[in-house]
Protein chains: 2
Amino acid sequence: MKDIEIAQQAKMDKITKIAEKAGLSSDQIEQYGDYKAKIKLPVKENSKSGKLILVTSINPTPAGEGKSTVTVGLGDAFSLLKKKTVIALREPSLGPVMGMKGGATGGGYSQVVPMEDINLHFTGDMHALTTANNTLSALIDNHIYQGNKLHLDQRRILWKRVLDINDRALRHVVIGIGGPTQGIPREDGFDITVASELMAILCLAEDIADLKKRIGRIVIGYTTDKEPVTVAQLGVTGAISLLLKDALKPNLVQTLAHTPAIIHGGPFANIAHGCNSVLATQTGLKLADYTLTEAGFGADLGAEKFLDIKTPVLGKTPDTIVVVATVRALKMHGGKPKNALKEEDLSALTAGYANLQKHVANMRRYNIPVVVAINQFSSDTEAELKHLKELCESDGTPALVADVWAKGGKGAIELAEKVSQLCEEKHDFKPLYAPEDDLQEKVEKIVTQIYGGANVVYGTKALRQLKDFKTLGWDHLPVCMAKTQYSLSDDPKAIGAPRDFTIHVREFVPKLGAGFVVALTGNVLTMPGLPKVPAANEMNLSNDGIISGLY
Amino acid sequence: MKDIEIAQQAKMDKITKIAEKAGLSSDQIEQYGDYKAKIKLPVKENSKSGKLILVTSINPTPAGEGKSTVTVGLGDAFSLLKKKTVIALREPSLGPVMGMKGGATGGGYSQVVPMEDINLHFTGDMHALTTANNTLSALIDNHIYQGNKLHLDQRRILWKRVLDINDRALRHVVIGIGGPTQGIPREDGFDITVASELMAILCLAEDIADLKKRIGRIVIGYTTDKEPVTVAQLGVTGAISLLLKDALKPNLVQTLAHTPAIIHGGPFANIAHGCNSVLATQTGLKLADYTLTEAGFGADLGAEKFLDIKTPVLGKTPDTIVVVATVRALKMHGGKPKNALKEEDLSALTAGYANLQKHVANMRRYNIPVVVAINQFSSDTEAELKHLKELCESDGTPALVADVWAKGGKGAIELAEKVSQLCEEKHDFKPLYAPEDDLQEKVEKIVTQIYGGANVVYGTKALRQLKDFKTLGWDHLPVCMAKTQYSLSDDPKAIGAPRDFTIHVREFVPKLGAGFVVALTGNVLTMPGLPKVPAANEMNLSNDGIISGLY
């Protein structure tokens, strides 16, 4: 059965009942239809301080690792064990939904529902972000058109427009043409909405006051004298903030097994930090004994950023980290071609294990208990599953098979028991870098200690920026690495666990609102394109309003 | 007190209570927070067939005529008279909200609430339209990029991108630049979302089946052989339709006096037909004894299109038409400058009355009872109000003063009594043109009988199109005139009631999905710009989430 069919056959509980289960009364939520709600802010304070479980993974491969599916299934397993549980996930972007098959709401019997709504417009957060982002763009171009009091250099505008659509034709555009009444011509480009700094801000803001503070300090570009210009200087902090008033409230839905799920915010894990909102995670911690959350891409990107960028704001580090791996994906990391993944191949698995091994070691480096979740696929052989478990255990890493796609929470009971046991282990979080380290020290610690690289080479522009940013006082912000998700290195083809490579930083991008500096390595795509046959071509809506063709 | 302050001090009823008042049970609506809902489709059938009241106006002037305010106040007056009433209005566009002061939710004590939500993201309909529109654009450009099986001519793409933002810099753009992996370069432009054909479609669709049919037949452009290409041929009717699944459901809110208000759809009244959705009006007619609705701009644009384009789909013509005028605006039509409008000036009023007189005569031409609502402003003198009443009455037109801004429904009791009396008058609707008239006959009937023009001159392109459209079988569709709203003619400066002028049609635009052909006269702006000091600059959001600076 297809994911959407399983989801459509589910008997959902009314969202008021899910809210009650999570400890929220009906006047603490705003209903969006019968099965979605926003949680009003501030979420009631209580004495609870639940355990936090971070789900991350090996470097993604075309074979799929199923991180969201494991997060949902594991959450349902905690519920089956009668633990008070909340799952916190990122909101899917609509662009990829129309492009490639594969939503972001889990799969099989480990899904969050209503899956169509969550994958389409949901509660409008993405649309609010798109609108706020592009309203700011319009205000910038209008400022230039109306006399340009701030002396913005139209060749040095950093703030790009966005759409929540995969649209390669908008990556590079020329705007403002058509004559003197149509604006000032300049080059611009559209990113996908999840790459907007406003998305990162929404996910790091602690409350409305913090949201406004962050929006006000966004650097939109430079003057003709190369001085940075902020949103506050443009005088529109209020207008941009009020467009995000409702988007800031976390969204409540449920899993197929009726576990409360908070799905809120979804920044890119390359150009941004790749985790759901701080407010969503905090809400989980306030309401539940166990909050399960995930970070985007592999542990080198998502988990590193969770631990180094998000936790200082969150004020809480994970009690256990779950690293998801699949036999199929590890065989690919071991060099097995995609069309041969169904063949049993213990030596490819052994070779590919190096990738998992490195990520587990990285997470241990933060001094947090780690467990490997082997996300079972029907083609996995008994021998392969056993071999992978043994490889992990020989390194002292507990590893458990989770069969969550087919069995839901029941497929992860043992994993949940292990995780809850690890959560009780005493440990002191050991951060990767100190806040006072400068940008170069931070980049180098990430590269050498997390990626396993030998050194960092900075391009001409990056070297100049290191000097400029020091002058501007931006040189002690956290670093957000923009790197391919497919490899620990900056070469997407270097699968497995490459060593002794060089990372090339070509440019830095100040994201003062988000509160970090992005370091660009390689080619980072911030606006995806559509494939030859987009998923959109298979979608339909029946006359009764039933959606099909969504994956 | 400012409109927003009056609105924020209002004690709203819960939307479930408003629904109940309208005759809808809680399982016939989907709540969006406590004070907004979507009405599930299909709306229950019942035997009721309520009266329909259309509110229209003179040609707008910078002095303001207050059509929405009168519609809301009049609706509240019907409620005070214990009539079961529903108000049906258009949804405001966010672009102008950020640009010029002045929302679209009425004013003073005649407002629909929650005004901030309605003026900002509301229930996401505009965002769904923006997304559906631009997803179609991305699919078109991707089709060209991926081999262009349909042989689309990239110089002849009709389908433009949209944003719900006033952004002049996006009127004319070049997209797809940056090299061979970034698409195919071509000229494009962004309209404001309310100008999208999808908005017109949403407002004319009778149900999901009709929505899909209309979307499928949208002409997106022409092949290199100049053959039209539709969305159905592109194979994405389903994907675009499902993005509008929820947007198709009418939205329920309330007036300050708790009269149910259905606010749904808001197409431009120049490039499109300027009325709220057929589904919203139909829902009103099914639920209430009196449904009050308005049409955009003056009666020459909005009401003509309501009567000639919307009513054939709606299957119902108005029982009474209310033409709104103000003393101030008529004095401007009579030549009084804007800065002198506070001075009493009966002769300017007499001169300006010609504009009102013409609109009233036009509405009478359809053989529907007409009443003039004089929307009172505090600067109006007793003598002026009396004089205007007498001018109307000497033409046999009933005219009543409505003081709805200051007094709400109480200020329009007499007007409501008169309207309800007129609704009982027997009359046979007399359409302006027959469906079988060709495009030229239709344009000429509109120009001579409604505008008061002498003749129509077609430009070279328009003449060629008249031939082409005949070949394509598009020559018997209704005509949607795109003309300035400020004058009965196509010259915005020709105020009052110009006569014997020529209307210049320079181009036709096929809107096969909406089911009409647009005739472009003069310069029609489909993407507004922001003013020197945008309204956005005064907006704020308090740390407690209270919005200010919205008008």
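In the predicted model, K67(A) has a relative accessibility of 6% and therefore counts as buried, the cut-off being under 20%. The residue belongs to helix α3 of chain A, which spans residues 67–80. Beyond its neighbours within four places in sequence, K67(A) makes contact with V55(A), T56(A) and S57(A), with R90(A), with the run E294(A), A295(A), G296(A) and F297(A), and with V324(A).

S68(A) is also located in helix α3 of chain A. Its relative accessible area is 14%, so S68(A) is likewise buried. When residues up to four places away in sequence are set aside, S68(A) touches A104(A), G106(A) and E294(A).

Elsewhere in chain A, helix α14 (residues 346–365) packs with helix α18 (residues 439–451). The axes of the two helices are 9 Å apart and form an angle of about 125 degrees. The contact is formed by K358(A), N362(A) and R365(A) on the side of α14(A), and by Q449(A), I450(A) and Y451(A) on the side of α18(A). By residue class, this contact comprises 2 nonpolar, 2 polar and 2 charged residues.

In chain B, an open sheet of 4 strands shows mixed pairing, in the order β20-β22-β23-β21. The edge positions are taken by β20 (455–458) and β21 (479–482) of chain B; each has a single partner strand, so one side of each lacks a neighbour in the sheet. From one strand to the next, the twist averages 40 degrees. Strands β20(B) and β22(B), the latter covering residues 502–511, run parallel and are joined by 4 bridges. Within this pairing, Y458(B) has V505(B) in β22(B) as its bridge partner.

Two helices of chain B pack on this sheet, as follows. Helix α18 of chain B (residues 439–451) touches β20, β21, β22 and β23 (516–521) of chain B, and its direction makes about 55 degrees with that of β21(B). Helix α19 of chain B (residues 460–472) touches β20, β22 and β23 of chain B, and its direction makes about 45 degrees with that of β22(B).

Definitions and conventions:
Residues numbered from 1 in each chain as written. Chains lettered and ligands numbered in written order. Predicted model: local features only at pLDDT ≥ 70, side-chain atom pairs only at ≥ 80, totals over all residues. Heavy atoms only, no water. Buried < 20%, exposed > 50% of the residue type's maximum accessible area, 1.4 Å probe, protein only. Contact = heavy atoms within 4.5 Å. Axes fitted to C-alpha atoms, helices over the stretch in contact; angles between N-to-C directions. Nonpolar A, V, L, I, M, F, W, Y, C, P; charged D, E, K, R; others polar. Pairing = 2+ DSSP bridges.
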